[in-house]
Amino acid sequence: MMATTIFIWMRLGECAERYKSAVIISGLVTFIAAYHYLRIFSSWVEAYTYDGDGLTPTYVPFNDAYRYMDWLLTVPLLLIEIILVMKLSAEESSSKSVTLGAAAALMIIAGYPGEIVLDADQANTRWMYWGAAMLPFSYIVYTLLVGLSGATNAEEDAEIRGKIKQAQVLTVISWCTYPVVYVFPMMGITGSNAVVAIQIGYSVSDIISKCAVGLLITDITISKSNKLRGI
């Protein structure tokens, strides 16, 4: 995450002034994520010990709230960085940033109470919060793929248009892995296996949605900047 931040911010000088905000936000997303992953790691090593047969909880509880705090900050920014490289007016960009950012925050808030429920006998409770979070999630996915298709298709340069579509599709694909990871405890994965599977699943999803999409956004901004300069 931090390596991605450094790489993205070092490319800032290649971007035209109007696109620098998208690059700064892309680097900020991975910077915030890197910080929270350090906190997650510290909490993990304090909460569990490995005895060769599996994880054994210690007296210190694992604080998974770090991940959700990270998402509460970075998920709206992930959407904003995409909006900023699209062919939208200032008013449309502001409106979409607010609505999608609010939907993203609502999605994270709705899902967290169920995340801390891992007992199989409370699966219905976890399903309830999963369903609640899927409502704003579905709205975001629809907006990225359908609601913003007009702005995507308005791009005159076919190469840039293709890259923006890639960013949208990659974001949706990576985001669709999160609801799957969320239901691991309801799929018969229990105990320490559930904890490990969830953490690995979310981490892989984060790398795709934050690092890969951030690098793609940076590439788009540089391509658009070169076009403005006539390169």
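Is Arg126 buried or exposed, and what is its relative accessible area? Arg126 is buried, with a relative accessible area of 1%; buried denotes under 20% relative accessible area, exposed over 50%, and partly exposed the range in between (1.4 Å probe, protein chains only).

1. Basis of the note. The structure is a predicted model, in which local features need pLDDT of at least 70 and side-chain atom pairs count only at pLDDT 80 or more, while totals for chains, interfaces and linings use all residues. Residues are numbered from 1 along each chain as its sequence is written, and side-chain values use heavy atoms, with hydrogens and water left out.

2. The salt bridge of Arg126. The partner of Arg126 is Glu115, and the closest N and O atoms of this salt bridge are 3.0 Å apart. Glu115 belongs to helix 4 and Arg126 to helix 5 (residues 123–147), so the pair ties together parts that are 11 residues apart in sequence. Helices are DSSP runs (H or I, at least four residues), numbered from the N terminus. Glu115 is also buried, at a relative accessible area of 4%.

3. Salt bridges in total. The count comes to 10 salt bridges, under the rule that a side-chain nitrogen of Lys or Arg lies within 4 Å of a carboxyl oxygen of Asp or Glu. A network of salt bridges links Arg67, Asp70, Asp206 and Lys210.

4. Glu155 and Lys224. These two side chains meet in a salt bridge with an N to O distance of 2.6 Å. Glu155 is in the loop between helix 6 and helix 7 and Lys224 is in helix 8, so that distant parts of the chain, 69 residues apart, are linked. Glu155 and Lys224 are both buried.

5. Glu156 and Lys87. A salt bridge joins Glu156 to Lys87, with 3.6 Å between the closest N and O atoms. Glu156 is placed in the loop between helix 6 (149–153) and helix 7, and Lys87 in the loop between helix 3 (65–84) and helix 4 (90–115); the pair therefore ties together parts that are 69 residues apart in sequence. Glu156 is exposed, with a relative accessible area of 64%, whereas Lys87 is partly exposed at 42%.

6. Packing of helix 7 and helix 8. Two packed helices are described by the angle between their axes and the distance between the axes. Here the axes of helix 7 (residues 158–182) and helix 8 (residues 191–229) come within 9 Å and cross at roughly 170 degrees. Helix 7 and helix 8 are therefore roughly antiparallel to each other, a term for angles over 145 degrees. Their contact has 17 nonpolar, eight polar and five charged residues.

7. The loop between helix 7 and helix 8. Phe184 is located in this loop and is buried, with a relative accessible area of 18%. The C-alpha atoms of Phe184 and Gly201 are separated by 9.5 Å, the two residues being 17 apart along the chain.

8. A nonpolar surface patch. Met2, Ile6, Trp9, Met10, Ile24, Leu28 and Phe31 make a nonpolar surface patch of about 650 Å². Such a patch is made of residues with over 30% relative accessible area and no salt bridge, nonpolar side chains (Val, Leu, Ile, Met, Phe, Trp, Tyr) being joined within 5 Å. Helix 1 (2–10) and helix 2 (20–47) are the elements that give two or more residues to the patch, and the largest share, four residues, comes from helix 1. Ile6, found in helix 1, is partly exposed, with a relative accessible area of 47%.

Key. Axes are lines fitted to C-alpha atoms, for helices over the stretch in contact, and angles run from 0 to 180 degrees between N-to-C directions. Angles under 35 degrees count as roughly parallel, over 145 as roughly antiparallel, 65 to 115 as roughly perpendicular and the rest as oblique. Ala, Val, Leu, Ile, Met, Phe, Trp, Tyr, Cys and Pro count as nonpolar, Asp, Glu, Lys and Arg as charged, and the others, Gly among them, as polar. Patches are made of residues with over 30% relative accessible area and no salt bridge: like charges are joined within 9 Å, nonpolar side chains (Val, Leu, Ile, Met, Phe, Trp, Tyr) within 5 Å. Accessible areas come from the Shrake-Rupley method with a 1.4 Å probe; for residues, only the protein chains shown count as cover.
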